[in-house]
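Here are my notes on the model, point by point. Please read them with the structure open.

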Amino acid sequence: MTNTHTTWTPQRLAEWERTRARGKRHFIWTHGVLKWGGFMFVFSTVVFQHQVFGDIFSTQGNLPFRLLLGASVWTFVGYLYGRSRWARNEQEYAKLKASRNNGTFVP
C-alpha cells in the first residue's frame, strides 16, 4: 500500500477541511453526481451518437429514451463515485489527523 500522507499537502488539507465543512451530501452531489456523473453522461452520449449515427446531433433512433436512460445511469454511478471518494478522503484525513496527534505527521 502506498503512503498517502505525502499527497496531503497543507493546501489540500485546508481544501478538504473547507469541503468537509459543507457536508457529505453536498460533496456527493457536486463532485460525484454533477461533476463526474455529468461529465461521463455528456462524454458517453457524444461518443455513442458519433459512433452509431456518425453525427453527435443526430435524432435518429429513440433519442429521448437514450438521454433519460443515460442521465439515470450516470446519476446513480456518480452518486456511488461521490460516496466512494468521500469515504476514501475521510479515511485518509482521519489517518493524517491521527499521525499529527501522535507527532508523526509527514506532509
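1. Start at Trp86. Leaving out residues up to four places away in sequence, Trp86 touches Trp16, Arg20, Gly23, Lys24 and Phe27. Bear in mind that this is a predicted model.

2. Trp86 also belongs to the largest nonpolar core. That core has 7 residues in all: Trp8, Leu13, Trp16, Phe27, Trp86, Tyr93 and Leu96. H3 gives the most, with 3 residues.

3. The overall layout is quickly told. The protein has 3 helices and 0 strands. Along the sequence the pattern reads α-α-α. Of the 107 residues, 25% count as buried. Take the contacts between residues at least 6 apart in sequence: 75% of them join residues at least 24 apart.

4. Next, helix H2 (24-53). Which residues of H2 are buried? They are Phe27, Ile28, Gly32, Val33, Gly37, Met40 and Gln49. These buried residues pack against H1 and H3. Phe27 is also a member of the largest nonpolar core, and Phe27 is touched by Trp86.

5. H2 has a kink of about 30 degrees. The kink is centred on Gly37, one of the buried residues of H2. Just after H2, Gly54 takes a positive phi of about 75 degrees.

6. Look next at the loop between H2 and helix H3 (63-101), where Ser58 lies. Is Ser58 buried or exposed? Ser58 has a relative accessible area of 9%, so this residue counts as buried, the cut-off being under 20%. Leaving aside neighbours within four places in sequence, Ser58 is in contact with Gln49, Phe53 and Leu63.

7. Finally, the largest pocket. Its volume is about 190 Å³. The elements giving two or more residues to the lining are H1, H2 and H3. How many residues of each class line this pocket? The lining has 5 nonpolar, 4 polar and 3 charged residues.

8. The lining residues are Trp8, Arg12, Glu15, Trp16, Thr19, Phe27, His31, Gly32, Trp36, Tyr81, Arg85 and Asn89.

Key:
Residues numbered from 1 in each chain as written. Predicted model: local features only at pLDDT ≥ 70, side-chain atom pairs only at ≥ 80, totals over all residues. Heavy atoms only, no water. Helix = DSSP H or I, 4+ residues; strand = E, 2+ residues; numbered from the N terminus. Buried < 20%, exposed > 50% of the residue type's maximum accessible area, 1.4 Å probe, protein only. Contact = heavy atoms within 4.5 Å. Core = buried A, V, L, I, M, F, W, Y, C linked by side-chain atoms within 4.5 Å. Bend = angle between axes of the 7 residues up to and from the residue. 1 Å grid on protein atoms, 1.4 Å probe; cavity = no way out; pocket = protein on both sides within 12 Å on 5 of 7 lines; lining within 4 Å. Points joined across faces, edges and corners; volume = space filled by probe spheres on them. Nonpolar A, V, L, I, M, F, W, Y, C, P; charged D, E, K, R; others polar.
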